[in-house]
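Time to look a few things up.

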Amino acid sequence: DLKEIAKALPIKQIYKDGLQPAVKQVGISLETTAKVVNAALAPARIFVWGFEKIEQHLAEELNKRLKDTPPEFVDAPPPEIMGPTIQSLLFTSDKSASLRDMYANLLATAMDSRTAHDAHPAFAKIIGELSPDEAKIVALFTRLRAFPIITVRAEMKDGKGGVDALSHFSLLGYEADCGFPESTPNYLDNICRLGLAEIPAIFQYTSPGVYTELENHPTVLALKEEVEKADSAFRVQRQGLR
């Protein structure tokens, strides 16, 4: 029968002479694949926080923020704020301190009965739609100061039209120490989309010198040269973030 035939076959010799190289190669391939997969997943170890780490971080930050709050005013944050906050913190990295600070501020506000009405559940979602660089820029908004922005236009000399050659240019990304300050115009678009700021169509600062650094920035001067070489009119539209 088949059992007896199988016993009679020189299985060990067949494996040794024929199959072993193939099986060995398969083993090598699997090992290589495993290494590649592990390497690809390695960033997850950086970006995914464990709950224990989150708990420790929040305890430290909330203690600092609530240290001057009388105990009778401290209460547990509502679950509709605590839940999304914890979930979002699970996917922040050690490089996302600006985002973690915003979440900690939200929880501290929610835990103080005197300010809890200012902590809306939607804020956790809004923070979750910010990049770490955008959170750094938003942190600048706590200062009472001007936030000048300019848009550079290349216009037809006959006045019949033109295009924005550089939109919403500012130095805020550099001031906030962003990882990619050149992406600041995109950051500002998203910040405004989330309702955290706005760039009014007709608004500019009138204080002397507010726009000097922007208008004399190498990026703007180089663009001015290019626009004028193309026989177009160079125009700067002064704007402001508020």
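My entries on the sheet and some salt bridges follow.

**Ground rules.** I'm working with a predicted model, where local features need pLDDT of at least 70, side-chain atom pairs count only at pLDDT 80 or more, and totals for chains, interfaces and linings use all residues. Residues are numbered from 1 along each chain as its sequence is written, and side-chain values use heavy atoms, with hydrogens and water left out.

**Sheet.** I found an open sheet of three strands, ordered β2-β1-β3, with antiparallel pairing. Strands here are DSSP E runs of at least two residues, helices are H or I runs of at least four, and both are numbered from the N terminus; two strands pair if DSSP finds at least two bridges between them. The edges are β2 (162-169) and β3 (233-240), each pairing on one side only. I then checked β1 (residues 148-155), which pairs with β3 over eight bridges. T151 has Q237 in β3 as its bridge partner.

**Salt bridges.** I counted 14, using the rule of a Lys or Arg side-chain nitrogen within 4 Å of an Asp or Glu carboxyl oxygen. D164 bridges to R153, with the closest N and O atoms 2.6 Å apart. Buried or exposed, where does R153 fall? R153 counts as buried because its relative accessibility is 17%, and buried means under 20% relative accessible area, exposed over 50%, partly exposed in between (1.4 Å probe, protein chains only). D164 is partly exposed at 42%.
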